[in-house]
Amino acid sequence: MSVGFLLVAWELYANHSGIKPTILPAPSRVFEQAVLNREALIDNAIPTIRATLIGFACSLGAAFVLSMLVDFFQPLRRALFPVFIVSQTLPLVAIAPLVVLWFGFGLTPKIMLVALVTFFPMLVALVQGYEATEAEIGQMLRVMGAGRWRVFMLARLPSALPYFFAGLRISITYAVVGAIFAEYAGAAKGLGIYMLNAKNNFRPDLVLAAVGVSAGLTLVLFGLTVLLQRLAMPWERDAGRQIAGKGPRR
Amino acid sequence: MTRLELRHVRKAFGGLDVLADISLSVGAGEFVSILGPSGAGKSTLFQLVTGAERGQGGMFFDGAPLDDYGRHFAFMPQRDALMPWRRILDNATLGLEVQGLGRKAARMRVAPLFAEFGLAGFERHFPAQLSGGMRQRAALLRTVVQERDMLLLDEPFGALDALTRAVMQRWLEQMWRHHRWTALLITHDVREAVFLSDRIYVLSARPARVVREFSVALPRPRDSTGVAGRRAGTLEAEILDVLLNLQPSKGHDHD
Ligand SMILES: Nc1ncnc2c1ncn2[C@@H]1O[C@H](COP(=O)(O)OP(=O)(O)O)[C@@H](O)[C@H]1O
Ligand SMILES: [Mg+2]
């Protein structure tokens, strides 16, 4: 709704204010150009998608392994977290060109940058999630005879799921931005470099078309995480569908 | 025969004295309650008995000292501690799975008990879909199927409304008559303690010590009407009197 309203206002303003299309193109023109240049856009979107997904997968794997280590060896947490926090304060604008300089125009620097921006949020989400485990459940499992590993698998890991998915939804948007930033700093192909070239050729319409593609990409990925959460956490979905008269919960 | 015995058990958290001096015993097939104000240290006592925390004093089971996380107890925490992500059936089998029983065998063992626990037809539900009373029965089912030597129940009905609680107390009393579990129940409800127990230990406010021990020599099945009901009422009044005269009213806190 609000997006539609904004687009209409923009269209009217662009058409009637006398601003040149090379400065502010109307949405209709952006759309027209996007359709005309669809092959180039798709061609450049594929490396971006690849970098986003591979980078994100690497970061997820690393965050998961580290979150478990940190959960089992608490001192590790105090040792490692400052490093991770510092990694989050590094300005991407400065880091991206350096990483490209060191690792070339290929896929590697993109994966690294995507991982850099998504790793910490995922790690924090997981560690917080483990800690949200009800203490009573842990104590009960110990009395049942479960060791630390069983407690982790039976209670801490499932307790972390809502936190994991909240982290996933935030990180996936960072991931796309990270990939585009990396390409902006230097790439053979990709939405980032496409935007840079379009800008240098005074084609804001094509810049905006590429922005539209990246926004669409982010939305699709976001939607996928929501879908995944519904599949992975059926008890949340069914909670509303109560059959027994539900009394006060705790 | 004495199963659980505590001798002069004490516990402090940092500088906070929680348990001052607790001595009690529970015999085989006996239902014993610990009655005390909230914040007294009742749940802490269970933490010591189950090995989650370490304290001072002697703790024995069948005459042998209790070691960490001994295999004697089936423990029901203060909140029902049902896992929201597991269906009721899978919550009920949790203890058996931890004991190493296969999923199928565990399900076979708990399935016949669902009717007795008033949960028939709800095996496939998630805990969030159940009423408060049903959740407590599910938690109790998960506790008793472990077939341990003794039940530790921490305020199992504390979160229920008065009517549901009365229904659940009746139900538990009836279940206990059939099964004769050795049980130690924590409660702050005088009526509940009298209705369910063979003996009652009354604790002071924190730091907790045993101030009185009552025997409940009332016939079972327990009845809250007639002569037995009047005798129960007299006992309740007497216990309440002890509880009210306990504190040099230094203000008590809630958990
Ligand atoms: N792990 C702990 N660390 C510090 N204080 C604790 C801990 N567990 C319980 N306490 C304190 O011990 C006191 C008694 O708590 P608890 O045993 O839960 O009381 P009750 O179950 O009788 O209501 C409370 O004041 C509580 O804050
Ligand atoms: Mg308590």
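Start with B:Asp62, in the loop between strand 4 (56-61) and strand 5 (64-65) of chain B. Strands here are DSSP runs of E, at least two residues, and helices are runs of H or I, at least four, numbered from the N terminus. This is a predicted model, where local features need pLDDT of at least 70 and side-chain atom pairs count only at pLDDT 80 or more, while totals for chains, interfaces and linings use all residues. Residues are numbered from 1 along each chain as its sequence is written, chains are lettered from A and ligands numbered from 1 in the order written, and side-chain values use heavy atoms, with hydrogens and water left out.

Back to B:Asp62. Its phi is positive, about 50°, although it is not a glycine. Most residues other than glycine have a negative phi, and most peptide bonds are trans. B:Asp62 is partly exposed, at 40% relative accessible area. The cut-offs are these: buried is under 20%, exposed is over 50%, and partly exposed is in between, with a 1.4 Å probe and protein chains only.

Chain A has a positive phi to show as well. A:Phe202 is not a glycine, and its phi is near 55°. Look for A:Phe202 in the loop between helix 9 (191-200) and helix 10 (204-232) of chain A. A:Phe202 is exposed, with a relative accessible area of 63%.

Now the peptide bonds. From B:Arg206 to B:Pro207 the bond is cis, with omega near -5°. B:Pro207 sits in the loop between strand 9 (199-203) and strand 10 (208-215) of chain B. The bond from B:Arg220 to B:Pro221 is cis too, again with omega near -5°. B:Pro221 is in the loop between strand 10 and helix 9 (226-244) of chain B.

Next, ligand 1. Which residues are closest? B:Gly39, B:Lys42, B:Ser43, B:Thr44 and B:Arg206, out of 12 that surround ligand 1. To count, a residue needs a heavy atom within 4 Å. By class, the shell has three nonpolar, five polar and four charged residues. Helix 1 (residues 42-50) of chain B gives the largest share, three residues.

Now some polar contacts, meaning pairs of N or O atoms within 3.5 Å. A backbone N or O atom of B:Ala40 is 3.2 Å from an oxygen atom of ligand 1. For a backbone N or O atom of B:Lys42, the distance to a ligand 1 oxygen is 2.8 Å. B:Ser43 uses its side chain: an N or O atom there lies 2.8 Å from an oxygen of ligand 1. On its own, ligand 1 has 570 Å² of accessible area, and the protein covers 68% of that. Those areas come from the Shrake-Rupley method with a 1.4 Å probe.

B:Ser43 comes up again at ligand 2, the magnesium ion. What are the protein donors there? B:Ser43 (OG) and B:Gln78 (OE1), lying 2.1 to 2.4 Å from the ion. The pair is 35 residues apart, with B:Ser43 in helix 1 and B:Gln78 in the loop between strand 6 (73-76) and helix 2 (88-92) of chain B. Donors are N, O and S atoms within 2.8 Å of the metal, or 3.2 Å for Na, K and Ca; water is not among the atoms, so sites may look incomplete. B:Ser43 is partly exposed at 28%, and B:Gln78 is partly exposed at 26%.

Last stop, A:Leu126, in helix 6 (residues 107-131) of chain A. Is A:Leu126 buried or exposed? Buried, at 3% relative accessibility. Beyond its neighbours within four places in sequence, A:Leu126 is in contact (heavy atoms within 4.5 Å) with A:Ala63, A:Phe64, A:Ser67, A:Ala160 and A:Phe164.

How values were computed:
Polar contact = N/O pair within 3.5 Å; in protein donor to acceptor, adjacent residues only side chain to side chain. Nonpolar A, V, L, I, M, F, W, Y, C, P; charged D, E, K, R; others polar.
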